[in-house]
Amino acid sequence: MMNVMFAGNSRVFDGILTCALSIFRRSEQKCGIHFYVLTMDVSHIKPEYTAIDDSAIAFLDRVAKEYHPDNCFTKIDVTDLYREEFDACPNEDAYCSPYTLIRLFADRLTLPDKILYLDADIMFNRDIDLLYSVDVSGVEYAAARDHYGKYLVNPHYINAGVILMNLQKMRETGILTRARALLRAKKLPFADQSALIRSTTSKLLLPQKFNDQKFLHKHTVVRHFSKRLFWLPYPHTDNIKQWDVSRVHRVFGYYCFDDILYEYIYLRKTYDKEIKQNER
């Protein structure tokens with residue numbers, strides 16, 4: 001069994017669905033995948049910060065099982081943990097959202113010793129096993145360099161959107177405990193990512209193909225649709241996500257994901273129809 005972890009609110013459904021479909025369609029699944037979705041309700045911060053619905057998890061679970069009978073989705077509500085650890089902390093208004101912080105609860109949850117954390121704005125271009133099979137037995141985690149951070153901050157500055165975690169060792173070293181303490185103590189430039197990097201005692205640097213944040217090559221395993229810099233028609237940043245299919249075509253010129261994205265469009269319409277029927 002492989003183990004994959006996502007984190008987010010009710011708005012991550014499109015990302016999780018597209019990412020999961022990319023795993024199913026680009027991988028030769030020899031075993032099931034257990035997807036854990038960490039979520040919470042912190043609507044006291046912003047009204048839209050609500051937990052992902054049980055109906056969404058049930059739908060994702062149903063889709064997953066169509067690809068392999070042992071695939072499954074499990075929702076883990078960490079609202080109480082968040083309020084215990086981070087309520088009113090200096091990083092609640094993190095650069096993305098407080099949901100970026102909750103991956104750092106992994107050591108306090110009942111999770112397997114090896115788990116792959118993924119941001120929701122990710123698509124697999126090749127088999128997930130190429131990443132998951134990496135040996136992390138001697139380190140806390142494995143991650144690739146951040147595309148911009150490796151130039152602007154440090155050559156070994158990692159991007160925390162793709163982390164292959166050795167939770168057994170992380171619990172032994174206390175890396176996540178230290179990271180959470182840092183987040184409570186002071187404002188950090190990139191919140192969870194900064195805290196994780198500063199608390200690390202051992203890591204494995206992965207090739208960029210495991211977290212390509214700017215380009216898509218034939219050898220790319222993971223394409224991360226994070227915010228990036230565009231030079232034309234003038235220097236600017238944009239944050240194009242994979243479920244914005246028309247912009248993926250128009251701006252990036254990507255058509256290699258169409259089998260995944262067209263299935264996503266069909267499934268999204270199916271899910272919306274089911275929700276409307278249940279509301280009657």
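Q: Which residues of the largest nonpolar core touch the most other members?
A: Start with the general idea. In soluble globular proteins, nonpolar side chains tend to be buried together. In this predicted model, the largest nonpolar core has 56 residues. Those touching the most other members are Ile-16, Ile-23, Phe-35, Phe-73, Leu-116, Leu-118 and Phe-124. Helix H1 (residues 13-26) gives the most to this core, namely eight residues. Another core lies apart from it, with 40 residues, including Phe-105 and Ile-158.

Q: What is Leu-116 in contact with, leaving aside its neighbours within four places in sequence?
A: The contacts of Leu-116 include Asn-3, Val-4 and Met-5. Further along the chain, they include Phe-124, Ile-128, Leu-131 and Tyr-132. Val-162, Ile-163 and Leu-164 are also among them.

Q: What is the strand order of the open sheet?
A: Strands of a sheet pair through backbone hydrogen bonds, either parallel or antiparallel. Here seven strands form an open sheet with mixed pairing. The order is E3-E2-E1-E4-E7-E6-E8. Strands E3 (72-77) and E8 (203-206) stand at the edges. Each has a single partner strand, so one side of each is left without a neighbour in the sheet. From one strand to the next, the twist averages 25 degrees.

Q: Where does H1 lie?
A: H1 lies across strand E1 (2-7), strand E2 (33-39), E3 and strand E4 (114-118). Its direction is at about 165 degrees to E2.

Q: Which pairs in the sheet are parallel or antiparallel?
A: E6 and E8 run parallel, joined by four bridges. There, Ala-144 has Leu-206 of E8 as its bridge partner. E4 and E7 pair in the antiparallel sense over five bridges. Leu-118 stands opposite Val-162 of E7. E6 and E7 also pair in the antiparallel sense, over two bridges. Tyr-141 stands opposite Met-165 of E7.

Q: Which way do the residues of E7 point?
A: In a regular strand the side chains alternate between the two faces of the sheet. In E7, Val-162, Leu-164 and Asn-166 point one way. Ile-163 and Met-165 point the other way. Five of the five residues of E7 are buried, so the strand is mostly covered.

Q: Why is helix H8 largely enclosed by the rest of the structure?
A: Count its buried residues. H8 (residues 191-199) is largely enclosed because seven of its nine residues are buried. They are Ala-191, Asp-192, Gln-193, Ser-194, Ala-195, Leu-196 and Ser-199. These buried residues pack against strand E6 (141-144), strand E7 (162-166) and helix H7 (175-185).

Q: How do H7 and H8 cross?
A: Their axes come within 8 Å and cross at roughly 130 degrees. H7 and H8 are therefore oblique to each other. The crossing is right-handed. On the H7 side, the residues that meet H8 include Ile-175, Leu-176, Ala-179 and Leu-182. On the H8 side, Ala-191, Ala-195 and Leu-196 are among those that meet H7.

Q: Is Asn-91 buried or exposed?
A: Apply the cut-off: buried means under 20% relative accessible area. Asn-91 has 0%, so it is buried. Asn-91 is in the loop between helix H3 (79-86) and E4.

Q: Which residues is Asn-91 in contact with, leaving aside its neighbours within four places in sequence?
A: Asn-91 is in contact with Leu-101, Leu-183, Lys-186, Lys-187, Leu-188 and Ala-191. Asn-91 and Pro-189 are 98 residues apart along the chain, yet their C-alpha atoms are separated by 9.1 Å.

Technical notes
Residues are numbered from 1 along each chain as its sequence is written. This is a predicted model: local features need pLDDT of at least 70, side-chain atom pairs count only at pLDDT 80 or more; totals for chains, interfaces and linings use all residues. Side-chain values use heavy atoms; hydrogens and water are left out. Buried means under 20% relative accessible area, exposed over 50%, partly exposed in between (1.4 Å probe, protein chains only). Contact means heavy atoms within 4.5 Å. A nonpolar core is a set of buried Ala, Val, Leu, Ile, Met, Phe, Trp, Tyr and Cys residues joined through side-chain atoms within 4.5 Å. Two strands pair if DSSP finds at least two bridges between them. Axes are lines fitted to C-alpha atoms, for helices over the stretch in contact, and angles run from 0 to 180 degrees between N-to-C directions. Angles under 35 degrees count as roughly parallel, over 145 as roughly antiparallel, 65 to 115 as roughly perpendicular and the rest as oblique. A crossing is left-handed if the near helix is turned anticlockwise from the far one by less than a right angle, and right-handed if clockwise.
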